[in-house]
Amino acid sequence: MTNHLDLYPKNGFSYNPNTQIVEVPEEMIAKGYDSFGGVLDVTNKTPGQIDFTTISDPYLVYSNNSNFLAVTDHLLIKSVFFRLLGLFNSDTKYFSSIYFDHQFGGIWLVN
């Protein structure tokens, strides 16, 4: 069985897009993530603004508007389920997040 999504606290994460150097939390390394097809900053973006066809799995996804990271793949990233995480916080056409915690769940407003 393939795992399509893992969520991690953002503690210990840093990324420099100029040098392509990424530091990740120890939990990610312990889980076996030693490389990523792409590191995606989705701050204030919608899924339509990213060309996923040029990026291989897995994706490390982060937003400056969240306190967690997601490791996912092409099967899940465009799904409604992934959008409920709130990383694509500008994607509010159908719903918007009222509260979300990556360990416990959330509350959403359906527009």
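Predicted model: local features only at pLDDT ≥ 70, side-chain atom pairs only at ≥ 80, totals over all residues.
**Gln 20**

I started with Gln 20, which counts as exposed because its relative accessibility is 56%. My cut-offs: buried is under 20% relative accessible area, exposed is over 50%, and partly exposed is in between, with a 1.4 Å probe and protein chains only. Gln 20 sits in the loop between β2 (14-16) and β3 (21-23). I take strands as DSSP runs of E with at least two residues and helices as runs of H or I with at least four residues, numbered from the N terminus. Phi of Gln 20 is near 65°, a positive value in a residue other than glycine.

Residues are numbered from 1 along each chain as its sequence is written, and side-chain values use heavy atoms, with hydrogens and water left out.

**Loop β2 to β3, continued**

I also checked Pro 17, which lies in the loop between β2 and β3. Pro 17 is partly exposed, with a relative accessible area of 48%. From Pro 17 to Leu 7 I get 21 Å between C-alpha atoms, for 10 residues along the chain.

**Loop β4 to β5**

Asn 44 has a positive phi too, near 55°, and is a residue other than glycine. I find Asn 44 in the loop between β4 and β5. Pro 58 belongs to the loop between β4 (38-41) and β5 (59-62). The peptide bond that joins Asp 57 and Pro 58 is cis, with omega at about -10°. I took one distance from Asp 57: Ala 30 is 27 residues away in sequence and 19 Å away in space, C-alpha to C-alpha.

Ala 30 lies in helix α1 and is exposed, with a relative accessible area of 72%. Next I looked for salt bridges, meaning a side-chain nitrogen of Lys or Arg within 4 Å of a carboxyl oxygen of Asp or Glu. How many does the structure hold? I count 1 salt bridge. Side chains of opposite charge can pair when their charged atoms come close. Here the partners are Asp 6 and Lys 31, at 3.1 Å, N to O. Asp 6 is in strand β1 (residues 5-9) and Lys 31 is in helix α1 (residues 26-31), so the pair ties together parts that are 25 residues apart in sequence. Is Asp 6 buried or exposed? Asp 6 is buried, at 9% relative accessible area. Lys 31 counts as partly exposed, at 48% relative accessibility.

**His 74 and Arg 83**

I placed His 74 in the loop between β6 (68-72) and α2 (80-83). His 74 is partly exposed, with a relative accessible area of 46%. The C-alpha atoms of His 74 and Tyr 59 are 8.0 Å apart, while 15 residues separate the two along the chain.

Arg 83 is in helix α2 and is partly exposed, with a relative accessible area of 23%. Arg 83 and Lys 93 are 10 residues apart along the chain, and I read 11 Å between their C-alpha atoms.

**Largest pocket**

Then I turned to the empty space. Rolling a probe the size of a water molecule over the atoms shows where empty space is left. A pocket, on a 1 Å grid over the protein atoms alone, is an open set of points where a 1.4 Å probe fits, with protein on both sides within 12 Å along at least five of seven lines; lining residues have an atom within 4 Å of a point. The largest pocket has a volume of about 160 Å³, a volume being the space filled by probe spheres set on the points.

Which strand gives the most to the lining? Strand β7 (residues 95-101) does, with 4 residues. The lining includes Asn 65, Phe 68, Leu 85, Ser 97 and Phe 100.

**Nonpolar patch**

Last entry: Ile 98, Tyr 99, Ile 107 and Leu 109 form a nonpolar patch on the surface, with about 420 Å² of accessible area together. β7 and β8 (105-110) are the elements that give two or more residues to the patch. For such a patch, residues need over 30% relative accessible area and no salt bridge, and nonpolar side chains (Val, Leu, Ile, Met, Phe, Trp, Tyr) are joined within 5 Å. The areas come from the Shrake-Rupley method with a 1.4 Å probe. Tyr 99 is in strand β7 and counts as partly exposed, at 45% relative accessibility. Ile 98 and Tyr 99 are also among the residues that line the largest pocket.

Methods. Patch = residues over 30% accessible without salt bridge, like charges linked within 9 Å, V, L, I, M, F, W, Y side chains within 5 Å.
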